[in-house]
Amino acid sequence: MVRETKFYDLLEVPPSASEADLKKAYRKKALRLHPDKGGDPELFKEVTHAYEVLSDPEKRSIYDARGEAGLSEQGGMGGMDPHDLFGQLFGGGGFGGGGFFPGGSSRNQGPRKTKDLVHRVHVTLEDLYKGKTTKLALTRNRICSKCKGKGGKDGAVRTCNTCSGRGIKVTLRQMGPMIQQIQSPCDECSGTGEIINMKDRCVTCKGKKVLPEKKILDVHIDKGMKGGQTVTFRGESDESPTAEPGDVVIVIEEKPHDRFKRQENDLIVQVQLDLLTALGGGEFSIKHLDDRTLIVKLEPGEVVKHDDIKVIHGQGMPSQRHHEPGDMYVKLSVRFPDSIDPAVIPMLEKSLPPRTPTETFPKNVVLDEVSLDDVDTRSRGGMLRDDPMDEDGEGEPRVQCANQ
Ligand SMILES: [Zn+2]
Ligand SMILES: [Zn+2]
């Protein structure tokens, strides 16, 4: 069992992922999130940091056992410039040289920041089509206004004697022939490195210097946004007396839609036509993602074949930048009747192309007449049935019945 899954979640892999899985997942995410491709630099950094940790077996085992806190005790935070890692993995300078990484390489010199708060919002395709503003309530720490972040009266704050203000306690443990050094937060000062006498503590924050505060953020989901894109609120993460506030990063997740599939700015929809409409024309409708319904006319004389794919131009998702619409691809399937009145067959013979004649065989071939039966769906059908909407393995898992 791993203790935290945040880094795995960032890379969208299970904690059991192999090194190759991790690399593949990072590559995929990094290409999508790269700032030169319009991705969010903060999230790209987060994902890169997650990969940097998980791709190092030693760091990964620390993370699995003790989470992110375990890593910071090891002094392993900060790490390398995501640009360096990206370049190292994929060769060259990424997408056109350095210098595109504001704050990335200067992170170590710059002011320390509190952790970014990353939050995922699941957005329907309808909302991504039309755009939407959603409210998001979050709780983050704010500097206590009573003590102005000092935790107590002036002069009440002393350095912790137990840890000499380092906030860390080091214990040595004998592990067979080896002596292991374990670092943990100092019990005396709870890892803060400071002691405030109980009676001098700020009554409002109880000496914690910060207080949790609820804030409502208006998250503007722009038309045409895609899953994996982010909305960043600079400096809205936790405040701290010793660090600059980090950012709140909202990650957009696209909810699967029951009628449409999205491919970049195109939409794909499956439409079933009856045989008469497929052969003789007529019309069908497609309910769109806004309050419109598209009526599609089929001219008589033009035959729709089963599995035909047609396109309706300009009815896809809006592009994010200029809201130029993509296209809508319509996958047509033809629903055949279960049976037909034999009396109408001569009329069909008159209007449809003639039957393909049976091949003729030499005399020595034995012609054996057999009957075509329905397949028993309980035993064999599961293997033979092919539902085109489920071709990507999505949707309801199929229940397989045991053979009889
Ligand atoms: Zn206070
Ligand atoms: Zn201490």
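User: In β9, which residue is the bridge partner of T232?
Analyst: V249 in β9 is the bridge partner of T232. This is a predicted model: local features need pLDDT of at least 70, side-chain atom pairs count only at pLDDT 80 or more, and totals for chains, interfaces and linings use all residues. Residues are numbered from 1 along each chain as its sequence is written, with chains lettered from A and ligands numbered from 1 in the order written.

User: How do β8 and β9 pair?
Analyst: Antiparallel, over 4 bridges, with β9 covering residues 248-254. Pairing needs at least two DSSP bridges between two strands. Strands (E, at least two residues) and helices (H or I, at least four) are DSSP runs, numbered from the N terminus.

User: What's the strand order in that sheet?
Analyst: β1-β9-β8, an open sheet with mixed pairing. Its edge strands are β1 (117-123) and β8 (230-233).

User: Which helix lies across it?
Analyst: α3 (residues 41-54), at about 85° to β9. Axes are lines fitted to C-alpha atoms, for helices over the stretch in contact (C-beta atoms, placed from the backbone, within 7 Å). Angles run from 0 to 180 degrees between N-to-C directions.

User: New topic. Which residues touch the most others in the largest nonpolar core?
Analyst: F7, L11, Y26, L43, V47, A50 and Y51, out of 35. Such a core joins buried Ala, Val, Leu, Ile, Met, Phe, Trp, Tyr and Cys through C-beta atoms within 7 Å. Buried means 20 or more other C-beta atoms within 10 Å of the residue's own, again placed from the backbone.

User: Which element gives the most to this core?
Analyst: α3, with 6 residues.

User: And what does Y51 contact?
Analyst: L11, L22 and Y26, leaving aside neighbours within four places in sequence.

Key:
Contact = placed C-beta atoms within 7 Å. Buried ≥ 20, exposed ≤ 12 C-beta atoms within 10 Å, placed from the backbone.
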